[in-house]
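Please find below some comments on the model under review. They are set out as numbered points, to be read alongside the sequence and coordinates.

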Amino acid sequence: MRKWIRNTTMAALIMSTFLFSVTALQAEELPPSISQEEQLQTTVRGWMDELAKQSNFQDWNKADFIVQPLGPGTHSWIAIVKLKEKSLGYLVIQAKKDGGFALGEYGTGDYLFDQNTLQQSLVQLELISSLSEANEALYIHPLFAVWHIKGAAEDTYLDGASGEWLPLQQATWNKTAKSEEELASKYAMEDGSSIGRAVRSRSFDPYSRMPWLTEKPLVASADNTSIVLKALSSKEPLRYVTERYNKEMLYVWSITGYHSWDDNGTVYAALETDELGNSTRYIPLKLLAELGSFYH
């Protein structure tokens with residue numbers, strides 16, 4: 001499934017790096033034009049070079065990447081960053097309606113839609129017979145990224161990052177995708193920018209305290225995240241909590257910093273799942289504020 005290559009000829013890229021799954025590209029969909037493919041490659045490399053200025057991304061300036069499409073509609077791509085045999089992280093790029101690209105999210109360590117994670121989950125769920133290239137990686141925005149397992153007897157969806165089973169059916173997917181499809185373009189950063197401010201604090205176990213059970217969240221919204229930025233700049237322990245899929249799934253992350261990009265002040269918050277800090281997802285702060293809550 002994974003075939004890591006350097007950027008070679010354009011023909012090879014069109015034939016290999018943009019072929020993610022048999023069903024991801026529908027018959028009426030075509031690979032990006034050469035001009036779009038060139039622009040995408042240049043945009044990804046530019047973001048990688050800027051991120052490489054940060055200490056926890058420093059290896060990215062000498063790394064290669066491979067781009068693979070994400071469904072539905074092939075309007076999103078994941079660029080997987082790799083140095084020799086070591087996976088360094090990823091970027092998710094989304095096409096803008098008026099042309100160009102936006103940065104949906106990015107991260108270090110284990111990336112989204114990892115085949116090893118998928119295989120382990122299918123084994124644990126006794127769905128190993130469903131391990132197939134027909135499985136779709138579906139991406140609407142960072143908090144709505146899932147695997148659709150095509151070989152299962154009934155609708156089966158797994159979390160795109162953790163591989164956890166989701167209480168999700170086709171009708172719910174369609175309804176949620178329609179209602180939230182504009183969030184990515186609303187809050188993601190457009191191409192061509194630099195990081196103006198970076199804050200990084202220690203990793204911690206978000207479950208060491210569970211304030212969402214007994215305390216009120218910080219007063220924050222997508223229109224006003226100043227209290228969150230103040231807490232992060234002071235390097236106070238901060239947790240992010242969101243309920244998804246008809247509130248049947250609770251997600252809790254520790255927030256361990258942020259990047260503020262200079263284009264229009266777009267902020268990506270750094271989310272981690274435990275105190276080890278092996279993997280970090282950088283997600284637009286305003287999107288987080290719209291879909292969840294923050295707690296000390």
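Predicted model: local features only at pLDDT ≥ 70, side-chain atom pairs only at ≥ 80, totals over all residues.

1. Leaving aside residues up to four places away in sequence, Y240 touches L143, Y251, V252, W253, I255, L271, L288, L291, G292, S293 and F294.

2. Y240 also belongs to the largest nonpolar core, a set of 36 residues. Together with V146, W173 and F294, Y240 is listed among those with the most contacts inside that core. Apart from this core lies another, of 28 residues, which includes F57, V67, Y106 and Y282. In soluble globular proteins, nonpolar side chains tend to be buried together.

3. Helix α3 spans residues 115-124, and its buried residues are T117, L118, S121 and L122. These four lie on the same side of α3, because the arc they cover around the axis is only 130 degrees. An α-helix has 3.6 residues a turn, so residues three or four places apart point the same way.

4. The packing partners of the buried residues of α3 are β6 (144-148) and β7 (157-159). On the face turned away from the buried side, α3 carries the exposed residues Q120 and Q124. Just after the helix, E126 adopts a positive phi of about 55 degrees.

5. Y207 is located in the loop between β10 (195-200) and α6 (226-233).

Terms used: Residues numbered from 1 in each chain as written. Heavy atoms only, no water. Buried < 20%, exposed > 50% of the residue type's maximum accessible area, 1.4 Å probe, protein only. Helix = DSSP H or I, 4+ residues; strand = E, 2+ residues; numbered from the N terminus. Arc of directions from axis to C-beta. Contact = heavy atoms within 4.5 Å. Core = buried A, V, L, I, M, F, W, Y, C linked by side-chain atoms within 4.5 Å.
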